[in-house]
Amino acid sequence: MPKNVTGEMVDLIIKHFEADSYTALFNPQNGFFARIEDNCGSEIEWAQHGPELIDISITNKCSRECQICYKKSSTDGRHIAVKDFRHILEQARLMHVFQVALGGGNPNQHPDFEELLRMSKIDFGIVPNYTTNGWGLNQSTIMASRKYCGAVAVSAYYPYTQTEYAVSLLSENEIRTNVHYVLTSSSIETAIDWLNNPPSWLLKANALIFLNYKPIGRCADLELLANKNKNLSSFFNIATSREFPFSIGFDSCSVTGIARTSRVPSESLEGCDAGRFSLYISEELDVMPCSFMQLLDIDKPSLRFDSLLDIWQKHPLFTTTRSQLSKYTCSNCYATGICRCVCPIFPSISLCDRELDKAIATI
């Protein structure tokens, strides 16, 4: 059994998938995950056995009703039923899912939130994580999070007082806490400022994760490349050239920008895994490759009528998404094979602006 840096024994989960010709390694204590292809083969395009992670919306209820909310969550949003959540986990276990990411809305304000955490970890052996807006945390929620969760993410919202409170509360209770910061054309200046002069509360976080803005929901036109945002190359330069007292991370929607920096080794990057290694399930049990598809007018399969495995392997929404992500159409780009080209859902979020590329390439 392997040990961590302190010499403590670590329960590393190792699963070999013969049909997909790879072995997955997962550390439930710190979230480390790796795929090792059989016989040093090439990276697989998708996992036939099923997703390694499922993003589950357990509620669409949220009191903040933020302008940039991609789901239009509101005070009258619906909670997922406990029996429906169990139904998801029953099928997830059969497909060898390692983790679930619980979202919303504000998931910790689900009336049965602690039971959902316990059910996932204890009944099904699947590690739960969740993202909170910082409201509704209490001692009971904190104890359940510490007992069952791999990590908790706090969404950063101006003026950041609730973000500060939540990060401090979670970290002081020894819960691995990340901060999620949405990068928009109007928020990137604050991101740069935080990197140059981190606020004291941010020093308590395990990681600062930057999320590329998606133009869906209540949003306005806030894409990073709007008006050729002059701060973007500066942001990437700072984020990839320095040591910070917390880890720096990016969602896969940002990879079209980060893949063009010479300081980030390609083996540490992965393009979009929607429909390849992850999927999303709404509180209504609609199933999609990506959570940002929820408000699109498309045919969405439902877990009420089909098995999760059949949806994953056969539904046109998934097969088409995988096909689009495997085309590698940007043949003249030196990052081809890393970022998997522009997003097939929202091409406008791509950071492949040619003039910007020239600046980033010199970092």
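Is C272 buried, partly exposed or exposed? I looked this up first. C272 is partly exposed, because its relative accessible area is 22%, and the classes are buried under 20%, exposed over 50% and partly exposed in between (1.4 Å probe, protein chains only).

**Ground rules.** I am reading a predicted model, in which local features need pLDDT of at least 70 and side-chain atom pairs count only at pLDDT 80 or more, while totals for chains, interfaces and linings use all residues. Residues are numbered from 1 along each chain as its sequence is written, and side-chain values use heavy atoms, with hydrogens and water left out.

**Cysteines.** I searched the whole structure for disulfides and found 0; a disulfide here is a pair of cysteine sulfur atoms within 2.5 Å. For C272, the closest cysteine sulfur belongs to C253 and lies 6.2 Å away, so it is too far for a bond. I then checked C253, whose closest cysteine sulfur is in C290 at 6.1 Å, again too far for a bond.

**Whole chain.** I counted 10 helices and 12 strands in the protein chain. Both are DSSP runs numbered from the N terminus, with helices as H or I of at least four residues and strands as E of at least two. The protein chain has 363 residues, of which 53% count as buried. I also looked at contacts (heavy atoms within 4.5 Å). Among contacts in the protein chain with a separation of 6 or more, 65% come from residues 24 or more positions apart.

I traced an open sheet of 3 strands in the order 1-2-3, with antiparallel pairing. Two strands pair if DSSP finds at least two bridges between them. Strand 1 (13–17) and strand 3 (33–37) are at the edges, and each has a single partner strand, so one side of each lacks a neighbour in the sheet. From one strand to the next the twist averages 15 degrees, with axes as lines fitted to C-alpha atoms and angles from 0 to 180 degrees between N-to-C directions. Strand 1 is joined to strand 2 (residues 22–26) by 5 bridges.

**Aromatic pairs.** Rings of Phe, Tyr and Trp (its six-membered ring) pair if their centres lie within 6.5 Å; planes under 30 degrees apart count as stacked, over 60 as edge-to-face and the rest as tilted. My count by this rule is 19 aromatic pairs. F33 and F98 have ring centres 5.4 Å apart and planes at 75 degrees, so I logged them as edge-to-face. F33 is in strand 3 and F98 in the loop between helix 1 (82–94) and strand 5 (99–103), so this pair ties together parts 65 residues apart in sequence. F33 is partly exposed at 27% relative accessible area, whereas F98 is buried at 3%.

I next took Y160 and W194, an edge-to-face pair at 4.9 Å centre to centre with 65 degrees between the planes. Y160 sits in the loop between strand 7 (152–155) and helix 4 (161–172), and W194 in helix 5 (residues 188–196), 34 residues apart. Y160 is buried at 15% relative accessible area, and W194 is buried at 6%. Ring pairs link both into a cluster whose members include Y158, Y181 and W201.

**Charges over rings.** The rule asks for NZ of Lys or CZ of Arg within 6 Å of the ring centre and within 35 degrees of the ring normal. R35 lies over the face of F277, 3.5 Å from the ring centre. R64 has its charged end over the ring of Y157, at 4.6 Å from the centre.
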